[in-house]
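Dear colleague,

I am passing on the structure that we talked about, and below it I have set out what was found. Please read the notes with the model open beside them.

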Amino acid sequence: MSAPKNDSSMRPCTRAWLVLLGLTLFTYGIGSMSVGGIAATGVVLLATLLKGQVVVDHFMGLRHVRLFWRVLMFSYLAVVGVAIAIAYVLGVN
Amino acid sequence: MHFKSQAVAKPYFIAAIGLFVGQILFGLILGLQYVVGDFLFPAIPFNVARMVHTNLLIVWLLFGFMGAAYYLVPEEAETELHSPKLALVLFWVFLVAGALTILGYLLVPYASLAKMTGNDLLPTMGREFLEQPTITKAGIVIVALGFLYNIGMTVLKGRKTVVSLVLLTGLVGLAVLFLFAFYNPINLVKDKYYWWWVVHLWVEGVWELILGAILAFVLIRITGVDREVIEKWLYVIVAMALITGIVGTGHHYYWIGTPEYWQWWGSIFSALEPIPFFMMTVFAFNMVNRRRREHPNKAATLWALGTAVMAFLGAGVWGFLHTLSPVNYYTHGSQITAAHGHMAFYGAYVLINLTIISYAMPHLRHNAPAANGRAQVLEMWAFWLMTISMVFITLFLTAAGILQVWLQRAAETPLPYMVVQDKVALFYWLREITGLVFFVGLVLYVASFFVKGKAHVPETKAARAATA
Amino acid sequence: MSVTAERVEHGRALPGDFAIWVFILAELLVFGLFFLAYAFARSRNVELFNASQLLLDRQAGAVNTVVLITSSYFVVRAVAAIKENHARLCANWVGAAIGLGGVFVVIKLAEFHAKFAAGITLSTNTFYMFYLSLTFFHFMHVLLGMVILAAVMLKARRGGYDAANHTGVETAGSYWHMVDLVWLILFALVYVIR
């Protein structure tokens, strides 16, 4: 995250930022098509969880922290994501 | 005792314990009236006994909080109290006003009391917990203002610690929210809406700050753990208590005419209200385990840990039981509420008061860090007797509540209220018997102050430095 | 010194003050509960939620997502700057992050204004109850985050942090990332999924 300043290669956090922007654009694209359905929702949820994990790892910097905290944050995202998916499927039926 | 003016706390604590005894006596009368309806009728009708039981509770807790503030603020601020004389004057004003009010409840029919005290001019009476005549309420405000002035000036001129600032915030909130006791709209929905701003925002809002601050103070003194560590915990606990507690008011707004969104807000936020209490438990045990000295006052440590556990059980777990709106649809205003009320008030606010009293009284009475060994043993017996009987009172009331909800509200053919009351009478009897055990515990507690033992540990200069 | 180096290799402590992490976890729990309540309320009322969702300003939501992500990124740069002992640069990055927080607030207020002007309230229907509650609750967190960042910026300007001592910057940053993280889920859940 703290690459030397004169290094021409991109900082990892800048790469993370670009990934987040891309995924947001992608999510927005799906949203603006106003498509529903399990497939589209699954893709959006996955993209969101991925974004969340990128924020946790690269912005919050938990990549370097004791495994316990990473697992905890990952579990949070996973539980919320799975629960939203379950609720969505319940709504379809 | 580090500062001479801390001595004003003593009469406050003594009055608190005296009124506590009165509260329990009326609790026993009230408990018996649940099963023997005309016990002491017409001298003390059920509604009067109930009013006295709850009002005495509130008044003695307030005496305890004020005593706690007068004791701990000078020590935290490292300066004498701004005006010990004002503190003593306010003590007598509050005590006399409180005694007159209780006598009014007991000797005069409530309607006549309302007339005598000029309730017509500014009607505020007749609402649960806020039954006090308007002039008594005005007196409470005056006492509160004088008290805040005294404490505020002391904090201002001395060292400002997180403990005293959190305590002061809680006390200011207590006084400000009490002002809603004077707002009594004709519209019954609005009446209840703002009534909860006093009742709920006291016990599930600002009182939690007072509780947290007192607990933090005692833990700093008893364990010798770094102030910074304890203060950090206090911040987090206070923040969580406010986040969940303020919007959590919504759990009183189900089906009383308020908008539907309160069902969501109330359910979501109050479902998280156990979190700060859970943190408090973890915090208290953590600090005691990491203690850096063996404080001679073992009883105070027991009360402090008891507060953390029982507050979590009573306020946290028993509150959660019926806080979600689909559950509360059935349990609203049943004996489940009574069960929660008993354990929450005992666990959180009775015990924190007894904690600070247990810690402070040896300093105030003997200038010693702890009472003699025999007195402490008796005190700990009192703790266990009162706490275990409160657990059983709560369990019996919960059983009565479950039965009541089932028979009266959930069954295919619901029974009328009074029929159900007869059917749950067994649990009321068990509760009453357990109440007697509680009273025995209370008697032992009072007795512990009179036990003579081997000499008290004198407070030497060195010991004083160690506790600073 | 070797002890510290070793700890870095085998897993550092959480960035910032530990207390903020207790707080962050508690906050995540509140938001998580809110999200689940939304999701399950929706599953019982899909048509209403889908119809009401069409009236949201998805573009504003997407722009605000970009704004918050970028603001979060600036805070990361601020932490990196102070680790290299560039206090001035750190303060500037934090200032830029606060500026973007302000942009978020303005866009959000415009959204609220449009909804209120259309006569939408908490009692309009369950969807709007959730939309307004969730976004307002998050809005309050953005404001709190900005206040915390502002305090850090002022201290950084006064030279209160350096490469060895910058827990405050990390503490504020961790909180701000939480505000960002929660919004990412909120945006997908409330604005996009249908």
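Two residues are said to be in contact if their C-beta atoms, placed from the backbone, lie within 7 Å. Helices (H or I, at least four residues) and strands (E, at least two) are DSSP runs, numbered from the N terminus.

This is a predicted model, in which local features need pLDDT of at least 70 and side-chain atom pairs count only at pLDDT 80 or more, while totals for chains, interfaces and linings use all residues. Residues are numbered from 1 along each chain as its sequence is written, and chains are lettered from A and ligands numbered from 1 in the order in which they are written.

I begin with chain B, where the buried residues of helix H5 (residues 134–157) are covered by elements that include helix H2 (46–77), helix H3 (84–107) and helix H6 (162–178) of chain B. A residue counts as buried if 20 or more other C-beta atoms lie within 10 Å of its own, as exposed if 12 or fewer do, and as partly exposed in between. By that rule the buried residues of H5(B) include Ile140(B), Val143(B), Phe147(B) and Ile151(B), and also Lys137(B) and Asn150(B). The expected span of a helix is 1.5 Å times one less than its number of residues, so the 24 residues of H5(B) should span 34 Å, which agrees with the 35 Å between its end C-alpha atoms.

Chain C has seven helices and zero strands, and its C-alpha atoms fill a box of roughly 60 × 30 × 20 Å, taken along the principal axes. Of the 194 residues in chain C, 46% are buried. Among its contacts between residues at least 6 apart in sequence, 81% join residues at least 24 apart.

Of the two pairs of chains that touch, chains A and C have the most contacts.

In that pair, 36 residues of chain C are in contact with 38 residues of chain A. On the chain C side, H2, helix H4 (58–83) and H7 each supply at least two residues. That side divides into 22 nonpolar, seven polar and seven charged residues, where Ala, Val, Leu, Ile, Met, Phe, Trp, Tyr, Cys and Pro count as nonpolar, Asp, Glu, Lys and Arg as charged, and the others, Gly among them, as polar.

Helix H3 (residues 67–92) of chain A has buried residues that include Met73(A), Leu77(A), Ile84(A) and Tyr88(A). Their cover includes helix H2 (38–59) of chain A together with helix H2 (18–43), helix H3 (46–53) and helix H7 (167–192) of chain C.

The contact between chains B and C takes 15 residues from chain B and 13 residues from chain C. H8(B) gives the most to the chain B side, with six residues, and that side divides into 13 nonpolar, no polar and two charged residues. Among the residues of H8(B) that meet H2(C) are Tyr235(B), Val236(B) and Met240(B), and their partners in H2(C) include Val22(C) and Phe23(C). By class, this helix contact has 10 nonpolar, no polar and one charged residues.

With best wishes
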